[in-house]
Amino acid sequence: MTRDSVNLPNARTWREIPQPVVPRAMSREGQWRLLMAAVRIAAASVIGGGALWAGWLVFAAVRENVRVMPAAARATPLRAPELRTDGVLDGAWLARTLALPAKTTLLELDLQKLRTRLLAEQQVATATLTKNFPDRLVVTISERNPVARVMTQMLGQKRALLVARDGVIYVGEGYDRATLETLPWLDGVKIVPAGGGFRPIAGMEQAAELLSKARLEAEHLYSTWGVISLARLATDRKLEVRTKDGRVLVYFTTNDDFFRQLAKLDYIADALGSRDPAASAVIDLSLGQDVPVMVTPAPAEEPAASGPRRVARLSSASTTRDEHAAMAFRPDLPADGDRPASHPTLFVPPHPQFSQPNREL
Amino acid sequence: MFIGAVEIGTSKINVLVGEYTGRELAIIGRGECSSRGVIKGTVVDYKAASECTHSALEHAERDAGERIEAVYLAQTGGHLEGFYNEASVNVKASDNMIDGADIRTVCDLAKSKELPSGRMVVHNIRRPFRVDGRLVPGSPEHLVGQKLDVGYWTVHGQEQRLADNIHVIRGFNLEVRELVLASLASGHMVTTAEERQHGILAIDIGAGTTDFALYRDGAAHVTGVLPVGGTHLTNDLSIGLRLTEGQAEKLKLRFGRANVVTRDKNQKVWLDGNFAIGDRQFSQHAIEQITSARTWELLEVVKKKLGNAFSPETCSAGVVLTGGTAKLGGIADTAAKIFGVPAHLGETPSWVSENLRDPGYHTALGLLYYGVSAAAERASASRRSSGFLSNVKRLFANA
């Protein structure tokens with residue numbers, strides 16, 4: 001039988017009387033004592049805090065000042081630093097960048113300085129250095145990945161550099177040349193020198209998103225892209241993409257989903273390719289449902305400089321509103337060659353269904 | 001650790017400062033102040049009582065040259081009452097060996113008594129255990145028996161009166177660590193462990209109250225407080241001889257007795273003795289008669305209050321008297337006549353310095369002594385109960 005099992009009454013004891021500190025019920029001596037107690041607590045807190053701070057200063061000084069380190073701790077020379085990266089840089093690059101003196105020890109290393117040295121290389125996004133006693137330095141870095149190339153000119157010399165997703169321009173080291181060849185060139189941007197390098201390019205994230213989506217979802221289109229221009233990004237929210245052969249110019253808009261725009265482009269490219277693979281075209285995907293396509297036949301087929309221009313409009317609304325479009329669906333529509341050269345020809349391919357994107361792109 | 005012992009009495013406030021090192025206690029300071037705002041041991045004027053208590057505390061701190069950290073406070077007053085409650089349990093173990101759980105259970109049962117609204121426990125004084133009716137002076141743990149009995153003398157008081165005393169101390173920004181019954185404090189000071197074992201009645205006659213504690217089998221058996229003290233003797237003299245209170249107090253201190261020894265009714269004593277204008281003569285016989293009558297009545301009331309708890313057979317060590325009024329001549333003889341046992345005045349232990357040997361300091365000294373002993377006992381009990389083995393045992397007991 002315990003107190004828990006037999007519900008015993010509990011008599012209140014004098015210890016339950018609260019002993020509050022009520023200054024108004026205190027005598028002058030009591031208030032003075034209370035004040036002194038508060039002052040003592042404050043002083044003790046200040047002294048305690050000061051002691052902690054001083055201790056921290058001493059600790060920091062000891063940590064920084066290697067001369068006071070015990071000789072035994074400085075005896076073991078450092079082994080080659082170990083690099084852990086998510087990119088292409090290697091140990092040789094690390095050794096060159098850190099430039100550690102021979103026979104240095106782990107205790108002598110100033111990790112902050114070494115980290116600054118690593119981050120000075122724009123290819124390195126983040127760097128963490130860890131001392132593993134007794135003789136190992138582990139460097140963990142994350143690298144920037146190039147999304148485009150850019151041609152710069154400094155001191156009269158042209159030089160191709162790489163641009164990362166965050167707009168950082170860097171030299172790039174350790175990349176496969178063939179891989180770099182696939183990257184489009186960046187155009188329509190102002191490259192401003194800063195320090196020893198360049199300022200990051202504004203708006204590059206949107207361009208990088210388009211490029212990465214195209215690379216992932218429409219590899220056959222991406223492989224034809226030669227130049228991406230950000231010239232109209234700030235003013236019209238448009239990205240211009242020109243193919244490597246210069247025949248096709250495509251306007252993308254940042255207001256709409258890039259995936260939908262790529263799907264439309266794929267469809268139009270197919271339609272154009274089936275009719276006239278050698279024709280030049282300007283495709284504007286920035287107008288939403290309406291996609292104006294200006295087609296210029298290849299010069300070899302149309303020798304006259306003022307040859308006929310064909311404009312196609314891809315629109316569901318245009319099939320009912322546009323008179324020319326209505327004409328385009330007539331079964332007796334004559335072939336392109338039968339039309340007068342001075343009049344543009346309109347043709348409207350069936351409207352693609354984008355509600356369920358074709359993932360096979 | 002610097003501990004203060006505070007006795008807020010009706011006539012004066014005593015403060016002692018003790019330095020407790022965990023092993024020994026040294027008294028290093030003393031403060032004293034005439035009391036105001038206190039009647040019959042109860043604070044009736046908070047401000048006046050606070051002022052003189054704080055003044056005494058300040059003097060004591062200055063005398064000690066140290067700051068008091070906590071206070072043991074003496075508690076008296078007519079509002080204090082006591083009752084006895086006992087409980088018994090059957091020993092749980094199959095081999096009838098008493099364990100800690102049996103002891104805890106019987107103690108909890110004996111202490112569990114509801115009090116009227118507004119009353120609070122001041123002390124739970126345990127009487128010795130009994131195993132199958134056999135008295136066990138110490139702990140009954142590991143003894144063999146079927147039935148374990150224990151009784152508690154519970155002293156309780158009015159919440160507001162207790163709170164008033166505590167708040168007077170809190171007003172000096174000090175914490176009340178222990179509240180000790182004045183009769184227990186002074187009783188522990190003027191009795192020895194042997195006397196308490198044989199049975200002794202300690203009576204502390206103060207100015208406003210008379211505190212008594214009857215010891216038996218080494219522990220306090222019954223305690224009590226009467227709201228009658230030395231001021232009543234003064235008052236009787238003042239009325240009987242038509243004097244001011246100051247004059248009556250003077251006569252009481254010089255010629256008052258607890259028994260009548262002057263046979264000649266014409267024997268006169270001077271009020272001041274300086275033959276100045278207003279100095280008067282009074283019959284010494286009359287003075288002794290007045291003071292002895294009241295003293296006799298007071299001790300009779302104490303005996304009546306004790307009732308059956310007191311008997312000359314169980315109080316072989318007699319009666320010990322202390323407190324300011326115990327300085328009255330012939331009081332030991334009177335007590336011996338009333339109680340039928342030898343009586344003597346309380347003596348201060350030899351280790352107490354000369355300037356603290358006055359009976360008026362017995363309560364304050366006892367406070368330090370009793371408070372420190374109780375705190376040490378509680379600390380060791382809590383250490384025992386929080387030990388690793390105890391925790392493991394409790395874990396299995398709860399499972």
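A:Glu82 comes out as partly exposed, at 24% relative accessibility. This is a predicted model, so take that value, like the ones below, as computed from it.

The partner of A:Glu82 is A:Arg136: their side chains meet in a salt bridge, 1.8 Å from N to O. Because A:Glu82 sits in strand S1 (residues 82–85) of chain A and A:Arg136 in strand S3 (residues 136–143) of chain A, the pair ties together parts that are 54 residues apart in sequence. A:Arg136 has a relative accessible area of 28%, so it is partly exposed too.

How many salt bridges are there over all chains? The count comes to 23. Here are three of them, including the one just described:

| Pair | N to O distance |
|---|---|
| A:Arg136 and A:Glu82 | 1.8 Å |
| B:Arg294 and B:Asp236 | 2.6 Å |
| B:Asp358 and B:Lys327 | 3.4 Å |

Now to chain B. B:Arg294 and B:Asp236 meet through their side chains in a salt bridge. B:Arg294 belongs to helix H8 (residues 284–306) of chain B and B:Asp236 to helix H6 (residues 230–240) of chain B, so this pair links parts that are 58 residues apart in sequence. Both B:Arg294 and B:Asp236 are buried.

The pair of B:Asp358 and B:Lys327 joins two loops. B:Asp358 lies in the one between strand S19 (343–345) and helix H10 (362–385) of chain B, and B:Lys327 in the one between strand S18 (319–322) and helix H9 (331–339) of chain B, so parts that are 31 residues apart in sequence are tied together. B:Asp358 is partly exposed, with a relative accessible area of 29%, whereas B:Lys327 counts as exposed at 52% relative accessibility. There is also a network with members from chains A and B: salt bridges that share partners join A:Arg12, A:Glu16 and B:Glu159.

B:Glu19, B:Glu24, B:Glu66 and B:Glu69 form a negative one. Of these, B:Glu66 is in the loop between helix H1 (46–64) and strand S6 (70–75) of chain B and is partly exposed, at 34% relative accessibility. Over on chain A, a nonpolar surface patch of about 490 Å² is made by A:Trp53, A:Trp56, A:Leu57 and A:Phe59. A:Phe59 is part of helix H1 (residues 28–64) of chain A and, at 45% relative accessibility, is partly exposed.

Last, a hairpin. Strands S4 (residues 146–154) and S5 (residues 157–164) of chain A run antiparallel and are joined by eight bridges. A:Gln153 has A:Lys158 in S5(A) as its bridge partner. Two residues lie between the strands, and A:Leu155 takes a positive phi near 55° in this hairpin.

Key
Residues numbered from 1 in each chain as written. Chains lettered and ligands numbered in written order. Predicted model: local features only at pLDDT ≥ 70, side-chain atom pairs only at ≥ 80, totals over all residues. Heavy atoms only, no water. Patch = residues over 30% accessible without salt bridge, like charges linked within 9 Å, V, L, I, M, F, W, Y side chains within 5 Å. Areas by Shrake-Rupley, 256 points an atom, 1.4 Å probe, with all protein chains shown as cover. Salt bridge = Lys/Arg side-chain N within 4 Å of Asp/Glu carboxyl O. Lys, Arg positive; Asp, Glu negative; His and termini not counted. Charge placed at Lys NZ, Arg CZ, Asp CG, Glu CD. Helix = DSSP H or I, 4+ residues; strand = E, 2+ residues; numbered from the N terminus. Buried < 20%, exposed > 50% of the residue type's maximum accessible area, 1.4 Å probe, protein only. Pairing = 2+ DSSP bridges.
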